[in-house]
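Me: Could you walk me through this structure? I have not looked at it before.

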Amino acid sequence: METIKKNQTYTVTIDDLTHEGLGVAHIDRFPIFIENALPEEEVEILIVKTGKKFAYGKVTERKNESSHRTPVKDMDLLRSGIAPISHMKYEYQLEFKQEQVKRVMNKIAHMPEVPVLPTFGMEKPYAYRNKAQIPVRKLDDQLATGFYRKNSHELLPIEDYFIQDPEIDKAILVVRDILQRFKIKPYNEEENTGFMRHIVIRRAHYSHEMMVVLVTRTAKFFQAHRIAEAIQNELPEVVSVVQNVNSEKTNVILGKEDILIAGKESIQDQLLGKTYRISPQSFYQVNTQQAEVLYKTAIDFAQLTSDDVVIDAYCGIGTIGLSFADKVKHVYGVEVVPQAIEDAEFNAKSNGATNVTYQTGKAEKVMKQWAQLGIQPSVIFVDPPRKGLAEEFIAASAELNPDRIVYISCNPATLARDLERFGELGYQAEKVQPVDLFPQTYHIEAVVLLTKAV
Ligand code: SAH
């Protein structure tokens, strides 16, 4: 077998895609991962990195083009990972995602028989993000905003982020220019010095209220109020300017401490006709239009009736449970971030829901407490982060003995792992519906209905 060495060139044909959308070619069965390459394309590649089990190659010449290829708007969108699959036509992106879910249902869940439906996509699969988290760094002696080159901490200056609400793109530049004008020092990551780390912006899809969070390394923020005033003057939609302090040397963007500089502490938006307050630390789906499709799908799967007692686990600010609280008997929500639970309580009140109970804490612990208290849910919704469900959460769910479980997942691999565990405890996956919340990226969201085997 040939040894693949760095800086060698090869001509290969792409035969597969990784879950991150990289093209895969094989040389004597040794896999090479290649950015911006699609199945059936013949490419000349340069090996840029080698490992024991695989190598990375870079396309130096493309001999033919896949019929699924579409021109890339800006190569930096691929390089930065902002839009890593934007070289695929959108219909193909949707097929790719369905196929990825089928694979894990086969290989990890061992449930090839469970139908994986065609991905629900967007009509306009760009300009959808309602939130941006943009690093602020020094570039050519200037305060700059952009995105990191993939697997690095080198900032690529970017102005058009393509997948974000264009009003957010504009706002980033306005805030950047104001920070420059006030001679604010950008953060230096290697040394953990400097001041301004990130600009986080949210713009509500329906209300258009904007929040600007300035993430700083230290608390003392000279001229904070004048800066906030300038931001609100130039961006009239901004109703909230918050400073967040993060002194740690970490990749985590937000620190624990929020200091209100101007306006109100939260913004509000709508989802499926209900209104929601959103605080800086609270999770909120970044694609509002598709979040509505996602929730509708989940609610449809659950076949709710007025007798149902429902648990909304990993509830965030309460958006899933509050969407149907008026149609069921009771909703119990659990969430680990205290600010999100405060938002959920507020949101329940402002939407007139009196049949909801929220609990701050780890879902895996609270589920056990609820089991001990004798709560008898007929339906459980789960919407965990990427790492999926803890073993004890799954055990506690089964112990609560609901008729139906609706699993909303942002990571097919952990979803499939958890479905297998649920299967062992008598909950059978009926169908899987991928919903595209993240067009142009390889991230996959999916909803699964599980029912109690009789
Ligand atoms: N259902 C909500 C939030 C989903 S995101 C929505 O659709 O908007 C997942 C949520 O789980 C986040 O709010 C996160 O803070 C929360 N979370 C993470 N780990 C948790 C845990 N162990 N227990 C409870 N909640 C957790």
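Reply: What follows covers the overall build, the domains and the salt bridges.

Reply: This is a predicted model, where local features need pLDDT of at least 70, side-chain atom pairs count only at pLDDT 80 or more, and totals for chains, interfaces and linings use all residues. Residues are numbered from 1 along each chain as its sequence is written, and side-chain values use heavy atoms, with hydrogens and water left out.

Me: How many helices and strands does the protein chain have?

Reply: There are 10 helices and 22 strands. Both are DSSP runs numbered from the N terminus, helices being H or I with at least four residues and strands E with at least two.

Me: Which domains is the chain divided into?

Reply: Domain 1 is 9-69, domain 2 is 99-122 + 287-452, and domain 3 is 131-270. The bounds come from an automatic or database domain assignment.

Me: How many residues are in contact between domain 2 and domain 3?

Reply: Seven residues of domain 2 are in contact with seven of domain 3, contact meaning heavy atoms within 4.5 Å. The domain centres, taken over C-alpha atoms, are 32 Å apart.

Me: What area is buried there?

Reply: About 480 Å², with 57% from carbon and sulfur atoms. Buried area is the accessible area (1.4 Å probe) that two parts lose on being put together, summed over both. On the domain 2 side, Thr288, Glu292 and Gln440 supply 62% of the area buried against domain 3, more than any other three residues.

Me: Which helix gives the most to that side?

Reply: Helix H5 (residues 288-302), with three residues.

Me: How many salt bridges are in the structure, and where is one?

Reply: The structure holds 29, each a side-chain nitrogen of Lys or Arg within 4 Å of a carboxyl oxygen of Asp or Glu. One of them joins Lys264 and Glu209, whose closest N and O atoms are 3.1 Å apart. Lys264 is in the loop between strands S13 (257-263) and S14 (267-271), while Glu209 is in the loop between S10 (196-203) and S11 (210-216), 55 residues apart.
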